[in-house]
Protein chains: 2
Amino acid sequence: MSPRPAVRPGGRSARVQRSVHAAVQELQAEHGRTGLTVPLIAARAGVTPSTVYRRWGDLQELLADVAVEHLRPDEPPADLGSLREDLEHWAAAFLEEMSSPAGRAYIRDALAGDPDGSNAGQCSAYAVEQVETILARAAQRGEHVPGTDVVMDHVVAPMMYRVLFRPGLLDAQYARDLVATVFYRLMPLP
Amino acid sequence: MSPRPAVRPGGRSARVQRSVHAAVQELQAEHGRTGLTVPLIAARAGVTPSTVYRRWGDLQELLADVAVEHLRPDEPPADLGSLREDLEHWAAAFLEEMSSPAGRAYIRDALAGDPDGSNAGQCSAYAVEQVETILARAAQRGEHVPGTDVVMDHVVAPMMYRVLFRPGLLDAQYARDLVATVFYRLMPLP
C-alpha cells in the first residue's frame, strides 16, 4: 500500500473510505470485475477520481484495500471450552471462508495490489491475532498450548497453500486433521 | 488459463511462444512492469497483437504463463546420499528462489492471471514432482520416508505462506527447521 493519511474515524477521510469501498462492492456485484475503473468507482461514490488516485494509488491497490477489509474477522473466535475444539472450529471456519469463491478472489486481490507485502501481511496479522486469542484463553484455563508459529506454520499455512495452489480436497476434515497433527505430534514437551 | 492449442514442439506454435516469452522478459528488464502492453510485446516478438490475444487472452494471463515457465525447475533435485540432506538442500534452495524479489514477482503473476487456479496448480505440481523424486530415491536406498503430502503441508506450505504473507525470517535455517520437524515429529511409524 502507498503511504496514506491515517483515517480519522468519523471524519471526511473515513466517510470517503466507506463510500468508495461500498461503490467497489456494488459495482462488482452488478458487473463483476470486468470494466471496473477508478472513474466509474469515483462517480458511484460521489467523489472525484483524483481523490481515489491520491489515496489509493491505482485500481489494484484500491481492490487490495477492499479485500483486506473483507478478510478482517468480524468477531473473536468462539469459546467452546477447550483448546482442541476452539482450534478445530476456528480452522474449519477459516478454511471454509478462504476457499469460497469470494474468499479466493479477496486473497488474490490482497496479494496482487501489494508491491511491498503490507496487505498480505495484514491478512496474516488477522489470523495471528485470532490464533493468539485462542491460545491465550487455553493457557488461562491451564491447558498445555503450542506456540503461535506452530499453529501458523502447520495449520494456517497448509490450508492457505492448498487454497492458493492445490484446489480440491478442502473440507472441514482437512482442517481438523491439521489440528490433530499439532495435538499429537507438535506440542512442546511439558 | 484459457483453453489454447497444444504446443507442437518445433512448430510455429512453439516458436511464437518462445519469441513472445523472450519479448516479455526483455521489455520487463528494460522498463519494469510499468507500461507493458500486449501491442508492445507483440511488436518486439514480431507477431500481431491478435496472435497474442488469441493464444493468451490478456496481458495478465500472458504474464502468468511466463511466470509459470520461470518457476519450472531446471533440473532434478541434487542427490547428496541421504533423505535428510536431500530435503534440506532442496528446501533451502526452493526458499531462496521463492523469497527473492524475482521469485515473489513470478508467484504473484502466476496467482493473478489465474481465474481457474491452473497456473498456481502447475507451480505446486512442480514442487510435488521434485519432492517425489527425493522421496522415491530415498525409498530405493531403503530409507524410511514420509508421504509427499506431509512434505507439501509441513515444509513447502509454511515456506510459501511466509513468502507471500509474512515476509522476514526467511533463511536456510528456517527451511532446515521445517525438515527437522518432519524427521523428528512427522515421520510415519515404522
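Q: How many salt bridges does the rule find across the interface of chain B and chain A?
A: Let's start with one example from this predicted model: Asp153(B) pairs with Arg162(A), and their closest N and O atoms are 3.2 Å apart. That distance qualifies, because the rule asks for a Lys or Arg side-chain nitrogen within 4 Å of an Asp or Glu carboxyl oxygen. Over all chains the rule counts 24 salt bridges. Across the interface of chain B and chain A, the number is six.

Q: Which helices hold the two partners of the salt bridge between Asp149(A) and Arg162(B)?
A: The closest N and O atoms of Asp149(A) and Arg162(B) are 3.7 Å apart.

Q: Which helix supplies the largest share of the side of chain B that touches chain A?
A: Between chain B and chain A, 12 residue pairs are in polar contact. Four helices of chain B each bring at least two residues to the side touching chain A: α6 (101-112), α7 (118-140), α8 (148-165) and α9 (172-185). The largest share is 12 residues, and the helix that supplies it is α8(B).

Q: How do the residues of the side of chain B that touches chain A divide into nonpolar, polar and charged?
A: Here 32 residues of chain B are in contact with 32 residues of chain A. Sorted by type, the side of chain B comes to 20 nonpolar, five polar and seven charged.

Q: Which residues of chain B lose the most area to chain A?
A: Together the two chains bury about 2800 Å², and 57% of this is on carbon and sulfur atoms. On the side of chain B, three residues together account for 25% of what is buried. They are Tyr161(B), Phe165(B) and Arg185(B).

Q: What distance separates the centres of domain 1 and domain 2 of chain A?
A: Chain A has nine helices and zero strands, and its C-alpha trace spans about 60 × 35 × 30 Å along the principal axes. The domain assignment places domain 1 at 12-57 and domain 2 at 75-185. Taken over C-alpha atoms, the centres of these domains of chain A are separated by 31 Å.

Terms used
Residues numbered from 1 in each chain as written. Chains lettered and ligands numbered in written order. Predicted model: local features only at pLDDT ≥ 70, side-chain atom pairs only at ≥ 80, totals over all residues. Heavy atoms only, no water. Contact = heavy atoms within 4.5 Å. Buried area = accessible area lost by both parts, 1.4 Å probe. Polar contact = N/O pair within 3.5 Å; in protein donor to acceptor, adjacent residues only side chain to side chain. Nonpolar A, V, L, I, M, F, W, Y, C, P; charged D, E, K, R; others polar. Domains from an automatic or database assignment.
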